[in-house]
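User: I am new to this structure and would like to go through some of the labels attached to it. For each one, please set the value beside the rule.

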Amino acid sequence: MYVMGTSALHVRDTPVMRNIAAIGGGGIDVTESGTVSTNNTIIQYNQAGSSGGGGMHISATTQLVLNNVTLSDNNAVYGGGAYFGEDASVSFALNSVFRSNTATLGGGALYLNGATGVGGANVTLNDTSVTANSVTAGGGGGAFVHSAAMFLCGSGCIITGNQAQYGTV
């Protein structure tokens, strides 16, 4: 799914599976401001290229809410499960899962980008597990938090069993 412009995307009870993007967002790619919500969704077996985000790529000022969502077995250069750009504001809740995602250079489950003076992705995880994700030639098996990005592992958040060359969390 490709979302452009100030659009709203609502995905409910729908699998997003086995998609390939040459650049970014194997499953879902949001390139401009908007609102995205997903409920009871599986985002699985997706691949993305150079911009990252095997499961999803959020590169703009986007309010994203994931409720009861599983991102698993996705693959990308950065952010095997999900890649968030400088302005992405994100909240995960209600038993969401990042499991068995793989990145080549950073962020097996999550890659949060940021730029000094510009800002960064703002991601909060509640009642969410980040488990068994990996990075083959870089860091952040669970999450890679770059520059001015902000990551909060809140209530009920579990990060365990992730692998990377450095920084397994």
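User: How many disulfides are counted here?

Analyst: The count comes to 1 disulfide, where a disulfide is taken to be a pair of cysteine sulfur atoms within 2.5 Å. Before going further, please note that this is a predicted model, in which local features need pLDDT of at least 70 and side-chain atom pairs count only at pLDDT 80 or more, while totals for chains, interfaces and linings use all residues. Residues are numbered from 1 along each chain as its sequence is written, and side-chain values use heavy atoms, with hydrogens and water left out.

User: What makes cysteine 153 and cysteine 157 a disulfide?

Analyst: Their sulfur atoms are 1.9 Å apart, and the rule asks for a pair of cysteine sulfur atoms within 2.5 Å, so the pair qualifies. In general, a disulfide is a covalent bond between the sulfur atoms of two cysteines. The link of cysteine 153 and cysteine 157 is left-handed, with -100° about the S-S bond.

User: Why is cysteine 153 called partly exposed, and why is cysteine 157 called buried?

Analyst: Buried means under 20% relative accessible area and exposed means over 50%, with partly exposed in between (1.4 Å probe, protein chains only). Cysteine 153 has 32% relative accessibility and therefore counts as partly exposed, whereas cysteine 157 has 16% and therefore counts as buried.

User: Where does glycine 156 lie, and what is it in contact with?

Analyst: Glycine 156 lies in the loop between strand 22 (150-153) and strand 23 (158-160); strands (E, at least two residues) and helices (H or I, at least four) are DSSP runs, numbered from the N terminus. Apart from its neighbours within four places in sequence, glycine 156 is in contact with Asp127 and Thr128, contact being heavy atoms within 4.5 Å. Its relative accessible area is 45%, so glycine 156 is partly exposed.

User: What is said about the phi of aspartate 127, and why is this residue called partly exposed?

Analyst: Aspartate 127 has a positive phi of about 50° although it is not a glycine, and its place is in the loop between strand 18 (122-125) and strand 19 (128-131). Its relative accessible area is 37%, so aspartate 127 is partly exposed. Alanine 132 likewise has a positive phi, near 60°, in a residue other than glycine, and the place of alanine 132 is in the loop between strand 19 and strand 20 (134-135).

User: How many aromatic pairs are there, and how do you know that tyrosine 78 and tyrosine 111 are edge-to-face?

Analyst: The count comes to 3 aromatic pairs. Rings of Phe, Tyr and Trp (its six-membered ring) pair if their centres lie within 6.5 Å, and planes under 30 degrees apart count as stacked, over 60 as edge-to-face and the rest as tilted. Tyrosine 78 and tyrosine 111 are 5.2 Å apart centre to centre, with 65° between the planes, and form an edge-to-face pair. This pair links distant parts of the chain, with tyrosine 78 in strand 10 (residues 75-78) and tyrosine 111 in strand 15 (residues 110-112), 33 residues apart.

User: Why is tyrosine 111 called buried, and why is its pair with phenylalanine 144 called stacked?

Analyst: Tyrosine 111 has a relative accessible area of 9%, so it is buried. The rings of tyrosine 111 and phenylalanine 144 have their centres 4.9 Å apart and their planes at 10°, so this pair is stacked. Because tyrosine 111 lies in strand 15 and phenylalanine 144 in strand 21 (residues 143-145), the pair ties together parts that are 33 residues apart in sequence. Tyr78, Tyr83, Tyr111 and Phe144 form one aromatic cluster.

User: Which loop holds alanine 88, and how do you know whether it is buried or exposed?

Analyst: Alanine 88 lies in the loop between strand 11 (82-84) and strand 12 (89-93). Its relative accessible area is 1%, so alanine 88 is buried. Leaving aside neighbours within four places in sequence, alanine 88 is in contact with residues that include Ile58, Ala60 and Gly120.
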